[in-house]
Amino acid sequence: MISFFIDTCTSFVTIALLKDNKLINQKNIVSNRDLSNNLFEYIEQLFKEVAILPKDVKRIYVSIGPGSFTGVRIGLTIAKTYAYSLDIKLVPISSLEIMSSTLEGDSISIIDARRGYVFAGGYNNLNNFFKDSYIELETLRRMYPDIRYISVDTFDFDVVKPNIDIEKIVNNHAEEGINPSLVNPNYLKITEAEANLNNGNI
């Protein structure tokens with residue numbers, strides 16, 4: 001079975017193809033403002049390099065956030081459109097869980113949410129022990145002062161840069177899959193524009 005994996009939630013974008021849950025091609029892309037235009041070219045290359053046709057895909061694994069609002073939307077839109085056209089299921093996965101596959105044992109994945117806050121989730125071999133949250137970084141550090149942190153972002157303390165294990169992630173969710181209409185982004189936090197609207201500021 002051919003599977004397609006896509007994670008666009010951070011500045012480190014990953015797309016991959018797997019056959020029977022074994023990785024056969026992967027591309028890591030540093031995100032920029034042209035991601036929405038260039039990503040399709042990278043996806044096309046991904047398939048061509050291993051002589052696989054898009055119609056051969058039977059399952060799609062997609063990161064649903066948290067992370068960049070734009071990045072989450074781009075990846076999820078591509079995955080849902082693709083799944084609808086092929087009439088196949090989507091497997092939604094937390095971006096923080098995906099990052100956690102970098103390490104064995106306890107770790108906390110964090111994404112800079114600005115203004116002293118982060119998106120954070122604690123995992124041990126993909127098992128969640130600290131629910132994905134939007135939390136003040138200082139509070140998180142007081143709660144878990146000695147744990148290993150994983151992030152693509154830079155902080156004033158040491159973090160491990162992600163080196164995700166796609167096979168591990170896919171095998172952990174191999175029996176899952178839902179109708180693409182049921183898959184929604186997990187932003188954990190509303191946008192500033194939405195907050196202003198709710199508060200009557202605009």
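I take a polar contact to be a pair of N or O atoms within 3.5 Å; within protein, one must be able to donate a hydrogen and the other to accept it, and residues adjacent in sequence count only if both atoms are side-chain atoms.

**Entry 1. Basis.** I am working on a predicted model, in which local features need pLDDT of at least 70 and side-chain atom pairs count only at pLDDT 80 or more, while totals for chains, interfaces and linings use all residues. Residues are numbered from 1 along each chain as its sequence is written, and side-chain values use heavy atoms, with hydrogens and water left out.

**Entry 2. Ser-101.** I looked up the side chain of Ser-101 and found that it reaches the backbone oxygen of Ile-98 at 2.7 Å and the backbone nitrogen of Asp-165 at 2.9 Å. Ser-101 sits in the loop between helix H3 (95–100) and strand E6 (106–114); helices (H or I, at least four residues) and strands (E, at least two) are DSSP runs, numbered from the N terminus. With a relative accessible area of 6%, Ser-101 is buried (under 20%; exposed is over 50%, partly exposed in between; 1.4 Å probe, protein chains only). Leaving aside neighbours within four places in sequence, I find Ser-101 in contact with Leu-126, Ile-164, Asp-165, Lys-168 and Ile-169 (heavy atoms within 4.5 Å).

**Entry 3. Cores.** I next looked up the largest nonpolar core, which has 26 residues (buried Ala, Val, Leu, Ile, Met, Phe, Trp, Tyr and Cys joined through side-chain atoms within 4.5 Å). Strand E1 (2–7), strand E2 (12–19), helix H1 (35–48), strand E4 (57–63) and helix H2 (69–86) each supply at least two of its residues. H2 gives the largest share, six residues. Apart from this core lies another of 12 residues, including Ile-108 and Phe-157. Ile-15 is one of the residues with the most contacts inside the largest core. Beyond four places in sequence, the contacts of Ile-15 include Phe-4, Ile-6, Leu-39 and Ile-43.

**Entry 4. Backbone.** I note as background that most residues other than glycine have a negative phi, and most peptide bonds are trans. The peptide bond from Gly-65 to Pro-66 is cis, with omega near 5°, and Pro-66 lies in the loop between E4 and H2. Phi of Ala-51 is near 55°, a positive value; Ala-51 lies in the loop between H1 and E4 and is exposed at 70% relative accessibility. Phi of Asp-87 is also positive, near 55°. I place Asp-87 in the loop between H2 and strand E5 (89–93), where it counts as exposed at 72%.
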